[in-house]
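The sequence and the structure come just below.

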Amino acid sequence: MAYLFTSREQRLPSWMTELEWDMTVKSFTTSIFAGEQGLETLDYQGHQLLISGPEMAFMECLHLAPSQFALLDLYYVMEMLTTLRPKLVQKLLEGCSSVKVKRLFLYMAQKAGHQWFKALDLSKIDLGTGKHLFAESGRYISEYLITIPAELADYE
């Protein structure tokens, strides 16, 4: 499965949509990120593609959770993201318009105990107001105003 994101103003190139792929390809448009922060260039058969770096790709996955990805599965991924670039994470979180993505990202990064998390300036990241519910009978995390699945909150 491949997940492709474009801004609302962009379209996927026709060669990409017309090719037969050996996997299911899902395309999404979003405007939660501004500019090209977090994007990297990949050469694919002579085509220069902009792809998400690991920091942005994980945030995109959080954007699709929990409908496309289980939060506990995403946390397993977060545990492995030991080498994220804190300056880029900071810029992406400051520029991201999704409170859901920012709160879940920060909760998971803090829970995983990553060293790069300590370099973030949380005072510059707008986490909005109001509570967000991601699981009906989950655990409430007061620091981030989120209710998450119990299996995620209890996972060690």
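## Terms and basis

A residue is called buried when its relative accessible area is under 20%, exposed when it is over 50%, and partly exposed in between, with a 1.4 Å probe and protein chains only. The model is a predicted one, in which local features need pLDDT of at least 70 and side-chain atom pairs count only at pLDDT 80 or more, while totals for chains, interfaces and linings use all residues. Residues are numbered from 1 along each chain as its sequence is written, and side-chain values use heavy atoms, with hydrogens and water left out.

Helices (H or I, at least four residues) and strands (E, at least two) are DSSP runs numbered from the N terminus. By these terms G113, which sits in the loop between α5 and β5 (132–133), is partly exposed, with a relative accessible area of 46%. The C-alpha atoms of G113 and E79 are 8.4 Å apart in space, although 34 residues separate the two in sequence.

## Buried faces of two helices

Helix α3, which covers residues 71–80, has L71, L72, L74, Y75 and M78 buried. Seen down the axis of α3, these buried residues fall within an arc of 155° (taken from the directions from the helix axis to the C-beta atoms), so they line one face of the helix. An α-helix has 3.6 residues a turn, so residues three or four places apart point the same way. The buried residues of α3 pack against α2 (54–64), α5 (99–112) and α6 (150–154), where contact means heavy atoms within 4.5 Å.

In helix α4, residues 86–95, the buried positions are L88, V89, Q90, L92 and L93, and they pack against α2 and α5. Q90 counts as buried at 11% relative accessibility, and when residues up to four places away in sequence are not counted, Q90 touches L120, D121, K124 and I125.

## A buried lysine

Which side chain of opposite charge is nearest to K102? K102 lies in helix α5 and is buried yet has no salt bridge, and the nearest side chain of opposite charge, D126, is 5.1 Å away. Leaving aside its neighbours within four places in sequence, K102 is in contact with L93, C96, I125, D126 and L127.

## Salt bridges

A salt bridge is a side-chain nitrogen of Lys or Arg within 4 Å of a carboxyl oxygen of Asp or Glu, and the structure holds 3 of them. E40 is paired with R85, the closest N and O atoms being 3.0 Å apart; this pair links distant parts of the chain, with E40 in strand β3 and R85 in the loop between α3 and α4, 45 residues apart. R85 also forms a salt bridge with E55, at 2.7 Å between the closest N and O atoms, and here the partners are 30 residues apart, E55 being in helix α2. E55 is buried, with a relative accessible area of 1%, whereas E40 is partly exposed at 32% and R85 is partly exposed at 39%.

The salt bridge between D154 and R139 has its closest N and O atoms 2.8 Å apart, and it links helix α6, which holds D154, to strand β6, which holds R139, across 15 residues. Salt bridges that share partners join E40, E55 and R85 into one network.

## Backbone features in the loops

A cis peptide bond, with omega about -5°, joins A65 and P66, and P66 is found in the loop between α2 and α3. Q45, in the loop between β3 (39–44) and β4 (47–52), has a phi near 50°, a positive value in a residue other than glycine, and Q45 counts as exposed at 62% relative accessibility. L145 also has a positive phi, of about 55°, although it is not a glycine; L145 lies in the loop between β6 (139–141) and β7 (146–148) and counts as partly exposed at 27% relative accessibility.

How values were computed: Lys, Arg positive; Asp, Glu negative; His and termini not counted.
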